[in-house]
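Please walk me through this model stop by stop. Tell me what to select in the viewer and what is there.

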Amino acid sequence: MVMACRVMNKRRHMGLQQLSSFAETGRTFLGPVKSSKFITDEECHESVLVSSTVRLLESLEMTSATGQLLNEAVQAQNDTYRTGATTLLFLAGAWSSAVEECLHLGVPIAIIVSVMSEALNSCSEEVVSLQVPVHNIFDHMGSTKAISELETVSVSLCPFLQDPSGASSVQEEHDHRDGVPQLTTYNLSRRPVKSPKFFQPDAKIEAGENTSQTLKNSLHTDTFRKSIFIHSRHFNRTDNNQGIHKPDRFQEQRGATTFQTYRCDDLAELAVGLSHGDHSSMKLVEEAVRLQYQNACMQQGNCGVPFVFDISRLFTCTLPGLPETFSCVCPGYIMLVSISCAALIKELQNQPIRVVLIEGDLTESYRHLGFNKSTNIKTVLDSVKLQEDSSEELWANHVLQLLIQFNVNLILVKGNVSEHLTEKCMHSKRLVVGSVNGHVIQAFAEATGAVQVAYITQVNEDCVGNGISVAFWRKPLDVVDRNNRIPVLLKTERINLITAVLASPVSAQMQTKEDRFWTCAYRIYHALKEEKVFLGGSAVEFLCLSHLQILAEQPLQKGDRACLGWLRDTSSWLASSLAIYRPTVLKCLANGWYKYLSVLLYNTASYSSELEASTFIQHHLQNAIGSGSPSSYILKEYSKLASGIFNSSISNKLEQFPRVYDVVTPKIEAWRRALDLVLLVLQTDSEIITGLGHVQINSQKLEGFLFL
Amino acid sequence: MLSRLEAKKPSLCYSEPLTTEKVRATLSVLKGILTSCYGPSGRLKQLHNGMGGAVCTTSQSAVLLRNLSVTHPILKILTTSVQNHVSCFSDCGLFTAILCCNLIENVQKTDLTVTTTIKLNTHLLNFCTNYLRSEVCGCRIPVDFSNTPILLCLVRSILTSKPACMLTRKEIDHISVLILRAFLLTIPENTEDPIILGKSIIVPLKGQRVTDSTVLPGVLIEVSEVQLMKILLVRKSSPLKVVLFSTSLSGDFSDPGEGNVVVSDGVFLENAVLDQLINLGRQLVSDRVELVLCQKVIHPSLKQFLTTHQVIAIDRVGVMLMEPLSKVTGAQPIGSLGSISPGSYGSVKDWCSAKFGCKHFFHLIPNEATVSSLLLCNRSDTAWDELKLTCQTALHVLQLIIKEPWVLLGGGCTETHLAAYIRHKTYEEPGSILQDDGCTQAELQLIAEAFCSALESLAGSLEHDGGEILIDMKYGHFWSIQAGPSSVVNWTDLLSRCGCGVYSSQEELGWSFLRSTCHPFVPQTCLPHESWEVSPQSAHSLTLDCLTAKLSGLQVAVETANLILDLAYVIEDKS
């Protein structure tokens with residue numbers, strides 16, 4: 001007997017309960033103000049500081065099947081997008097409670113699955129109206145100050161606090177730039193437009209005169225900070241009704257409205273909007289993007305090819321224990337080498353050197369992947385010739401000879417390096433660096449013309465790269481990290497590598513800092529890649545909440561089959577009784593968003609209690625639903641809403657409040673993954689334990705198990 | 001050599017295994033697990049080893065039975081025959097298993113002798129098979145390959161019945177179209193007899209959105225970025241001469257077996273093998289080969305040699321791609337390092353590089369071949385695994401449709417219709433079932449009742465949320481309705497469509513509860529032609545099943561039930 005089976009939901013659904021309790025652990029990570037957690041291992045008394053969901057789940061041991069599925073979902077989200085893990089975790093929790101509520105109210109499982117799944121689809125379509133196009137970001141680049149190659153940008157870092165003043169300065173800069181005459185296309189007219197009724201025919205007339213583009217552009221800037229849509233109640237009512245029956249047309253209409261309302265065409269603005277309170281990390285990312293852009297421009301002469309931010313050419317170099325003033329972004333690759341190499345680097349400085357790139361290890365015993373070493377081959381000595389050197393010594397000498405022959409002074413190795421060889425090379429003024437990232441090696445291969453090889457014996461003249469320069473990153477011995485290593489900068493003329501140096505006096509925070517940097521980098525990466533962002537500051541979540549509330553109150557139209565999901569194709573009674581249960585399920589799903597928003601608001605510390613935060617949401621929710629079109633309401637009230645959610649202290653300076661943005665696909669995918677996980681667990685009714693696992697199930701827990 | 005002798009334990013023998021309480025209990029647990037998985041609203045099962053291994057969430061018989069380690073011989077017979085059926089037909093595994101359990105259960109309740117039961121079961125099986133294959137059958141639809149809506153309905157029905165794939169409505173539509181397209185790409189253009197179908201390769205791309213999935217003609221080989229950069233340096237020409245190696249070119253020595261190989265100093269075996277490899281490379285270059293594909297590893301030095309001679313070298317292709325690659329290129333896989341006969345070379349029209357998600361691919365574009373690649377995405381691992389298996393099932397079912405171009409109505413309708421038809425025949429024309437072998441009409445009625453109620457409760461297993469099942473008195477189709485004290489009068493308003501979607505609710509149908517005793521009636525045979533006219537615009541679509549798979553399922557279920565019922569003794573070797 002090697003298999004046990006446990007029925008999971010006799011009265012309450014165990015899996016859903018587990019999900020909501022797991023999700024509770026990540027509650028404080030939601031929002032821009034994150035509280036860190038200490039995780040202590042009681043057995044070995046080690047502790048780690050975590051401040052992100054991914055790190056939290058990495059440190060927790062979740063042995064239950066549901067826990068593992070949750071971990072898997074978070075990892076998958078993180079691997080694909082590097083952002084959205086906390087949203088996923090929180091919503092998974094909130095929605096498992098919502099689903100439990102539905103079960104409690106007697107809603108059949110198939111209906112919960114179908115309605116929730118389609119409702120989330122509907123939300124994803126609805127929030128398209130809050131998308132802000134990100135276009136021509138790099139058109140403004142020319143006017144920004146050029147950063148010379150060696151100049152590095154330092155910023156002060158206050159990672160756990162927002163910096164509203166810094167943000168508004170960016171805003172001012174933008175205002176200033178708007179006034180500059182050379183950007184005339186964005187400034188032709190500043191006349192306010194009162195309502196879309198007036199606007200649309202207007203635009204049609206102008207379109208014939210070839211100036212509609214400029215008009216539109218002018219409108220974009222005009223409505224940059226404050227929305228000037230003053231919809232009449234009446235107009236919106238009809239608009240709304242129309243839209244819900246014909247979702248496609250509605251979408252189109254509202255999409256069009258948005259495009260004319262908001263747009264983002266400035267990198268600084270985008271960066272501030274996507275920083276979510278972490279301006280210091282974002283500043284570094286922004287500089288990295290600028291550097292890469294300038295690099296690309298220089299290499300291509302003119303920027304004929306549209307610039308694409310290549311995140312695989314961005315690296316971090318962490319300096320734990322050093323003051324934050326060292327944090328900066330530099331072109332080239334910065335790596336840490338042992339302080340004993342200092343003299344060697346000094347000698348190699350100020351001259352172009354030749355490089356060899358090794359794909360594998362650089363040791364005598366290394367063989368390429370897939371090579372099976374035979375163990376039963378013995379070598380016999382023919383003569384009584386005494387072997388003086390070991391085989392490693394022979395090998396090292398041979399390698400050295402090759403390096404001398406090709407005049408190579410730098411060897412970058414992806415794998416490990418024989419210490420003996422490193423030392424030998426150092427004596428002959430050659431630097432060997434091991435454990436170099438594959439992307440770095442690839443970048444050097446492209447920039448120097450070197451070809452990566454698996455064995456040093458493969459090296460011929462064509463494989464050697466030229467023109468690398470080695471330098472101390474700072475004055476020698478100025479910067480030495482805890483492990484007695486110094487940062488060294490590698491560069492060539494055509495290299496497009498950018499390294500962000502991250503320093504933190506508190507070593508325990510190093511990991512957090514690096515994670516945050518990457519989160520920011522990936523947000524910018526996704527925004528630039530997708531050429532769109534969401535209006536952030538929870539505007540999308542708020543729209544989902546109001547949208548679901550409206551859907552719940554609407555009677556299901558006969559023949560309206562769009563929201564039936566797979567039930568559409570079945571003739572099951574579930575399809576016909578859907579109308580009865582639908583409002584309940586939609587409200588439960590909406591409750592998930594409600595919980596999300598109130599925790600977010602509470603976490604930003606602008607509200608003393610979740611109740612207070614909840615009142616704020618309730619107030620706006622009623623207004624939004626009352627207005628007939630929540631998306632227009634959000635666009636109109638955006639600054640107030642965002643300030644309520646982000647920082648109420650500066651609400652008197654609404655005009656200057658910078659906009660907050662969110663990435664589009666990663667966010668929607670996080671929602672979808674969270675719901676998928678919940679629905680997967682919901683539909684699971686038993687756990688089947690295979691193999692010998694059940695031997696460990698002790699006898700008092702045997703109750704509820706069935707054996708085959 | 002020291003050997004230990006242990007006295008052989010006596011074998012254990014017990015009679016009439018089915019009558020023991022323990023066996024019945026285990027059988028009912030197994031049936032419970034399988035029944036709860038059945039259909040589009042079936043419940044899922046989490047399979048894991050309880051020690052932190054991977055968690056698999058599924059409702060498919062193939063995965064469940066593979067992982068359930070049953071010990072009792074009776075259960076083993078059952079699971080093995082279902083697994084055999086699934087390995088041949090991919091679909092209808094749960095149908096087979098549940099029907100078999102139902103039959104065993106129902107037949108046991110009758111007091112007939114095993115011989116009579118088995119005889120009658122076989123008659124009923126033959127009767128069903130003949131009916132389902134006959135022209136008058138009221139629950140099958142012919143498949144015309146020019147009619148894609150029917151094929152799409154079939155694929156969609158398969159996808160819908162696997163809820164662990166976690167697909168939304170839109171995603172189901174997207175994947176159905178892709179599966180159909182992938183399948184159509186495997187059909188050769190010139191239809192010589194016999195038609196040899198190509199192959200659809202499913203390429204995994206986990207973590208992406210389902211709607212990012214796509215189908216490409218030809219073969220996609222995943223390569224690393226570094227490898228791709230090296231490939232891109234090679235001049236492009238077309239068509240390319242291709243060689244395909246199934247042997248490793250990594251430069252290691254073939255296993256010398258036991259014992260030691262003694263080599264004198266100064267002889268380097270590795271270098272000797274490498275020299276041989278380079279010689280091989282020289283021959284390839286002089287034969288003007290432009291693309292070298294290797295199932296296993298190519299020695300870096302050989303790769304470097306080939307690349308410098310403008311030959312693309314791709315290694316670690318994997319055994320799964322070997323057959324399709326051979327098909328696409330016409331090259332014979334080479335298994336040794338000896339000289340290569342010119343006949344083993346193949347050719348390919350063109351290649352290009354592609355990037356999906358974060359993976360890089362080398363895309364081989366064939367001249368005219370029947371191999372396609374289905375790049376399949378899903379968000380989570382467990383949902384991807386389930387989706388992959390489902391796609392394979394769908395592709396297999398489509399192949400079966402070519403051989404026997406018929407589909408059965410799904411959604412429980414075929415089962416209820418068949419049961420109604422058998423009941424009718426047993427009462428009206430028992431002679432048509434009963435052959436002249438000594439069974440009485442009363443015996444037939446008993447067994448037919450057991451058989452029909454096994455079919456009906458199988459259809460009833462589609463319901464998991466406490467609804468009621470009705471059957472109409474005209475076609476004998478399956479209708480579902482919410483449980484509760486609803487008055488019988490307004491059923492027409494409460495019902496919309498039958499399980500398969502062919503009929504909509506009309507007054508004259510007349511319904512009765514499935515498990516109630518109703519008078520046998522004549523279910524209308526010969527499906528009207530207009531009912532299978534599925535237009536893409538129509539609001540509903542049909543739920544369909546593959547005829548071949550279902551017939552085999554029926555046969556396996558009845559025969560396995562007979563086999564299990566026939567078991568008189570179990571003899572267990574305890575030592």
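This is a predicted model: local features need pLDDT of at least 70, side-chain atom pairs count only at pLDDT 80 or more; totals for chains, interfaces and linings use all residues.

**Stop 1**

Now show β10 of chain B, residues 291-294, and β11, residues 312-314. Three bridges join the two strands, which run parallel.

For a residue pair to click on, take B:V243, whose bridge partner in β10(B) is B:V292.

Are the faces of β10(B) covered or open? Both are covered. B:L291 and B:L293 lie on one side, B:V292 and B:C294 on the other, and all four are buried.

**Stop 1: a three-stranded sheet**

Stay in chain B and select β17, β18 and β19. These three strands form an open sheet in the order β18-β17-β19, with antiparallel pairing. β18 (478-481) and β19 (511-513) stand at the edges, each with a single partner strand, so one side of each has no neighbour in the sheet. Neighbouring strands here are turned by 40° against each other on average, direction ignored.

Focus on β17(B), residues 468-472. Four bridges hold the antiparallel pairing of β17(B) with β18(B). Pick B:L470 and look across to β18(B): B:W479 stands opposite.

**Stop 2**

Select B:E16. This residue sits in the loop between β1 (12-15) and α1 (21-37) of chain B. B:E16 counts as exposed, because it has 12 C-beta neighbours inside 10 Å.

Then jump to B:C92, in the loop between α3 (73-89) and α4 (93-109) of chain B. B:C92 is not a glycine, yet it has a positive phi of about 65°. Is B:C92 buried or exposed? B:C92 is buried, because 27 other C-beta atoms lie within 10 Å.

**Stop 3: chain B as a whole**

Zoom out and colour chain B by secondary structure. Chain B has 16 helices and 21 strands. Along the principal axes, its C-alpha atoms fill a box of roughly 90 × 75 × 45 Å. Of its 575 residues, 49% count as buried. Take the contacts in chain B with a separation of 6 or more: residues 24 or more positions apart account for 76% of them.

**Stop 4: over to chain A**

Switch to chain A. Its secondary structure comes to 23 helices and 18 strands. Of the 708 residues of chain A, 47% count as buried. Among contacts between residues at least 6 apart in sequence, 79% join residues at least 24 apart.

Select α1 (residues 14-24) and α4 (residues 85-104) of chain A. The two helices pack at an angle of about 145°, and their axes are 8 Å apart. The crossing of α1(A) past α4(A) is left-handed. To see the contact, show side chains. On α1(A), pick A:L16, A:L19, A:S20, A:A23 and A:E24. On α4(A), the contact residues include A:L89, A:F90, A:A92 and A:G93. By class, this contact has seven nonpolar, four polar and two charged residues.

Now select α5(A), residues 109-126. This helix has 18 residues and reaches 25 Å from its first C-alpha to its last, close to the 26 Å expected at 1.5 Å a residue. α5(A) is mostly covered, with 15 of its 18 residues buried.

**Stop 5: where the chains meet**

End on A:E687, which stands opposite B:Q46 in β2(B).

Conventions. Residues are numbered from 1 along each chain as its sequence is written. Chains are lettered from A and ligands numbered from 1 in the order in which they are written. Two strands pair if DSSP finds at least two bridges between them. Axes are lines fitted to C-alpha atoms, for helices over the stretch in contact, and angles run from 0 to 180 degrees between N-to-C directions. A residue is buried if 20 or more other C-beta atoms lie within 10 Å of its own, exposed if 12 or fewer, and partly exposed in between; C-beta atoms are placed from the backbone. Two residues are in contact if their C-beta atoms, placed from the backbone, lie within 7 Å. The expected span of a helix is 1.5 Å times one less than its number of residues. A crossing is left-handed if the near helix is turned anticlockwise from the far one by less than a right angle, and right-handed if clockwise. Ala, Val, Leu, Ile, Met, Phe, Trp, Tyr, Cys and Pro count as nonpolar, Asp, Glu, Lys and Arg as charged, and the others, Gly among them, as polar.
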